[in-house]
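Please keep the sequence and the model at hand while reading.

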There are 2 protein chains.
Amino acid sequence: MDSNADPTLASPGPTLGVVGGGQLGRMLGEAAGPLGVEIVVSDPTPDCPARPVVRDQVVGDFDDEATIRELAERADVLTYEIELADPDALERVARETGTPVHPDPATLRTIQDKLVQNRAFADAGIPIPEFRRIDDAGELRAAGEELGWPVMLKARTGGYDGRGNLPVEGPDDAAAAMEGIGGPALAEAFVEFDRELAVIGVRGAEDRRTFPVTETVHREEILRESVSPARTDGATRERAGAVARDVLAEMDGRGVYGIELFEREGEILVNEVAPRPHNSGHWTIEGCLTSQFEQHVRAVLGWPLGSTERRSPTVSANVLGDVDEPEPAELRNVRRALAEPGLSLHWYGKREVRPLRKMGHVTAVAGTGEDVGSLLTRTRGVRDSLTFRPD
Amino acid sequence: MDSNADPTLASPGPTLGVVGGGQLGRMLGEAAGPLGVEIVVSDPTPDCPARPVVRDQVVGDFDDEATIRELAERADVLTYEIELADPDALERVARETGTPVHPDPATLRTIQDKLVQNRAFADAGIPIPEFRRIDDAGELRAAGEELGWPVMLKARTGGYDGRGNLPVEGPDDAAAAMEGIGGPALAEAFVEFDRELAVIGVRGAEDRRTFPVTETVHREEILRESVSPARTDGATRERAGAVARDVLAEMDGRGVYGIELFEREGEILVNEVAPRPHNSGHWTIEGCLTSQFEQHVRAVLGWPLGSTERRSPTVSANVLGDVDEPEPAELRNVRRALAEPGLSLHWYGKREVRPLRKMGHVTAVAGTGEDVGSLLTRTRGVRDSLTFRPD
């Protein structure tokens, strides 16, 4: 099924095997249903978040080859919703079973090592912060002198949701920072951005598309809100879209990519790229003619892509664990969110809430004449009324 | 769980047991996922249409009490997506297991017998076509003389999708018509309507809401397209909404109701009512802030209802079996539908296509400035390009 430009629909439909059954796998399942596409996920947690809305789950680690092989044998196409997937295992299984994997595991391999990724972007002329390879505290101190303090120290592999990123203030903090990161790293010039932006891009069998530019708001390096349209000027939005299209051109293989950007004095720098649907694109479920999840399903199956047009100004806000200790998840005060006009609730189905864990999100579309700033205030108000703490 | 005005969300979430796992059960499942609500369906067909997108299926007949009991034991609330459910069995199971059923089985009992339903509406002053109880051909001939020929002969029980409805031209056709209907019936004055309309209503634990008035287009008594807003004048839309609210006030118990209406010279008559999400409301998935399916889930759980506001002019068109004989379903030429901007595809997952069987639908939302008439033409064009016939 490497090109499928005029698909037929039958029952059972084509089956998509997804490595990872967290919230992204769950939302892929929710998007696949109407298309008649069946989903089987693999995840180490029995009864993972995606399980109740998909055909089946294979229980096993993300990088366990026997698990991936079982998934491949039950699927027409393999994909993954987590960067921790093992590109070597994916490639071997694809070769042995004949089940194609999208995006190409080579992309995953590049993206998993931030140094390799940055070098590839630099070679392609894509604007990124200045960076240095860092293997010890001495190199970190030297990089700080060259790039100017502070610098952002990033683990080359294994980071997500801000984990593996550590701002370093000066040479005296270098040794402790290297210990904190605990492995091969890179240092990036610290970007005093005016705004963070994100673009969801999708590569299909025949063409590439990008969604409208989104403004993202982070706190403690975790995404809190996505705002579309981004509250910046038209020229900057254009520039962000152009940079995102350049990034997308560098990626191998079909699927959705989340492209995170810095805006600084009208210039755009690429911050991170994820080869999968991305938190900054959850707003597309209600906000666009086709969601990022449906686009990913279409892309990996080789189907025509849908329109990425925005229907209305839209804001998403994450519901994070506001607890001090892990505990069984129970979200309270849901009444207000359910009653809020134009607000949609997305619960991820995780059994346990942990501090700052992503447990769900809410998305609100603008009422007639409502601007995106008011919508953001309103959405935050509803989100902030939700809590895992008993009264 | 008889009132649940400030719900909490946990994992696993509340479980809704749905009698019936056809396309309505499937779309209930698609709507329930984001809310963290789990669905178990019962259906006699193993691997029924809803199965791939819900938690589980109990295999058994719609009126089999052991099946309903098993469903009730696994659910927090029971509901049904098919009028063939057995109200007596539902009531007994609810009493024995303590699992509430919504809508109230008494409503189902009323609606299952069209004579009882018509009498209840007449008593409540709700406008309906003139009707007579018919038990034999002599009564049918007498009714025709009184009401004027032709009349619409309707089976009192068991009809759906136009099955069980038979227009009778004159007294000579009476005997054959009674044989065709094959049981107790009623005759209604034939309504020379200008237009057919429909309103989806929802009764929650605390309030009732109606969706915007929809125009419906039938052929061979089967719904083909739904158009919202209805292409009639504002006063008629108002009147249709008011009649629908009167109907909703007569219904017992929480849930979504599909209310089909005739428009004749600006007057509104009630044609049929179904105590469940209805084909004429499928457009609400993309067209409204909250879909009829999400409203049904909210209503039967006792949660606050969502806004019924329309987001854009919207048209849905059914994809029916265009075959002469039952055969394994394979829908062809899907490329154009997938590529059409603003068009969403809904495949129901049925294994077998049969003549005129509902196999899926497409919904299109209007582009900027596009009127609903052009949208209808465009949507029909795409729908008509889909076929189950090989080239």
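Two strands are said to pair if DSSP finds at least two bridges between them. In this predicted model, A:Leu153 stands opposite A:Leu166 in β8(A).

**The antiparallel sheet of chain A**

- Strand β7 (residues 151-155) of chain A is joined to β8(A) by four bridges, and the two run antiparallel.

**Helices of chain A**

- Helix α4 (residues 105-112) of chain A packs against helix α5 (residues 114-123) of chain A at an angle of about 105°, and their axes are 5 Å apart.
- Angles of 65 to 115 degrees count as roughly perpendicular, so α4(A) is roughly perpendicular to α5(A).
- On the side of α4(A), the contact is made by A:Thr110, A:Ile111 and A:Gln112; on the side of α5(A), it is made by A:Lys114, A:Val116 and A:Gln117.
- Of the residues in this contact of α4(A) with α5(A), two are nonpolar, three are polar and one is charged.

**The parallel sheet of chain B**

- Chain B has an open sheet of four strands in the order β4-β3-β2-β5, with parallel pairing.
- Its edge strands are β4 (56-59) and β5 (77-80) of chain B, and each pairs on one side only.
- Direction ignored, neighbouring strands of this sheet are turned by 25° against each other on average.
- Within the sheet, strand β2 (residues 15-19) of chain B pairs with strand β3 (residues 38-43) of chain B in the parallel sense over five bridges.
- B:Val18 stands opposite B:Val41 in β3(B).

**The interface between the chains**

- The size of an interface is often given as the accessible area lost when the parts come together.
- Here, chain A and chain B bury about 4400 Å² between them, and 51% of this area is on carbon and sulfur atoms.
- The contact involves 51 residues of chain A and 51 residues of chain B.
- Four salt bridges are counted between chain A and chain B.
- A salt bridge is formed by A:Asp47 with B:Arg55, whose closest N and O atoms are 2.9 Å apart.

**Backbone details**

- Most residues other than glycine have a negative phi, and most peptide bonds are trans.
- In chain A, a cis peptide bond joins A:Ser228 and A:Pro229, with omega of about 5°.
- A:Pro229 belongs to the loop between β13 (222-228) and α8 (234-250) of chain A.
- In chain B, a cis peptide bond joins B:Ser11 and B:Pro12, with omega of about -5°.
- B:Pro12 is located in the loop between β1 (9-10) and β2 of chain B.
- A:Glu221 is not a glycine, yet it has a positive phi of about 60°.
- The position of A:Glu221 is in the loop between β12 (214-219) and β13 of chain A.

Conventions. Residues numbered from 1 in each chain as written. Chains lettered and ligands numbered in written order. Predicted model: local features only at pLDDT ≥ 70, side-chain atom pairs only at ≥ 80, totals over all residues. Heavy atoms only, no water. Axes fitted to C-alpha atoms, helices over the stretch in contact; angles between N-to-C directions. Parallel < 35°, antiparallel > 145°, perpendicular 65-115°, else oblique. Contact = heavy atoms within 4.5 Å. Nonpolar A, V, L, I, M, F, W, Y, C, P; charged D, E, K, R; others polar. Buried area = accessible area lost by both parts, 1.4 Å probe. Salt bridge = Lys/Arg side-chain N within 4 Å of Asp/Glu carboxyl O.
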